[in-house]
Amino acid sequence: MPSQITQPVLLIGSRNDRLLPSEVEAQYLSNIFPNHQIITLPHSGHACLVERDVNLYQLLLSANFTVA
């Protein structure tokens, strides 16, 4: 069954996530959302968006991810 969600989706996975395999989960979700982009954070853990070195705004800009 094709996804009814067609809006752009940015999937963020962390390579050092010890709570769940977020890289694998991002790949799984990419099969569900047809209009997706994936960013993998190579040095981040599960709570990547609150880490000092991770800037969500910069991630969105680097992916050219804009919300209209």
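Analyst: What follows is a series of questions about a predicted model, each answered from its values.

User: What is the order of the elements, counted from the N terminus?

Analyst: From the N terminus on, the elements run β-α-β-α, which accounts for two helices and two strands. The C-alpha trace spans about 35 × 25 × 15 Å along its principal axes, and 28% of the 68 residues count as buried.

User: Why is Ser22 called buried?

Analyst: Ser22 has a relative accessibility of 10%, and the label applies under 20%, so Ser22 counts as buried. Ser22 lies in helix α1, which covers residues 22-30, and, leaving aside residues up to four places away in sequence, Ser22 touches Gly13, Ser14 and Asp17.

User: How do you know whether the buried residues of α1 line one face of the helix?

Analyst: The buried residues of α1 are Ser22, Ala26 and Ser30. Seen down the helix axis, these residues fall within an arc of 85°, and therefore they line one face of α1. The buried residues of α1 pack against β1 (9-14) and β2 (36-41).

User: What makes the pairing of Arg15 and Glu23 a salt bridge?

Analyst: The side chains of Arg15 and Glu23 meet at 3.3 Å, N to O, and the rule requires a side-chain nitrogen of Lys or Arg within 4 Å of a carboxyl oxygen of Asp or Glu, so the pair qualifies. By this rule the count comes to one salt bridge.

User: Why are Arg15 and Glu23 called partly exposed?

Analyst: The label covers values between 20% and 50%; Arg15 has a relative accessible area of 46% and Glu23 one of 31%, so each is partly exposed.

User: Which residues make up the largest nonpolar core?

Analyst: That core has eight residues in all, namely Leu10, Ile39, Leu41, Cys48, Val54, Leu59, Ala63 and Phe65. Val54 touches Leu41, Ser44, Cys48, Leu49 and Leu59, not counting residues up to four places away in sequence.

Conventions: Residues are numbered from 1 along each chain as its sequence is written. This is a predicted model: local features need pLDDT of at least 70, side-chain atom pairs count only at pLDDT 80 or more; totals for chains, interfaces and linings use all residues. Side-chain values use heavy atoms; hydrogens and water are left out. Helices (H or I, at least four residues) and strands (E, at least two) are DSSP runs, numbered from the N terminus. Buried means under 20% relative accessible area, exposed over 50%, partly exposed in between (1.4 Å probe, protein chains only). Contact means heavy atoms within 4.5 Å. The arc is that of the directions from the helix axis to the C-beta atoms. A nonpolar core is a set of buried Ala, Val, Leu, Ile, Met, Phe, Trp, Tyr and Cys residues joined through side-chain atoms within 4.5 Å.
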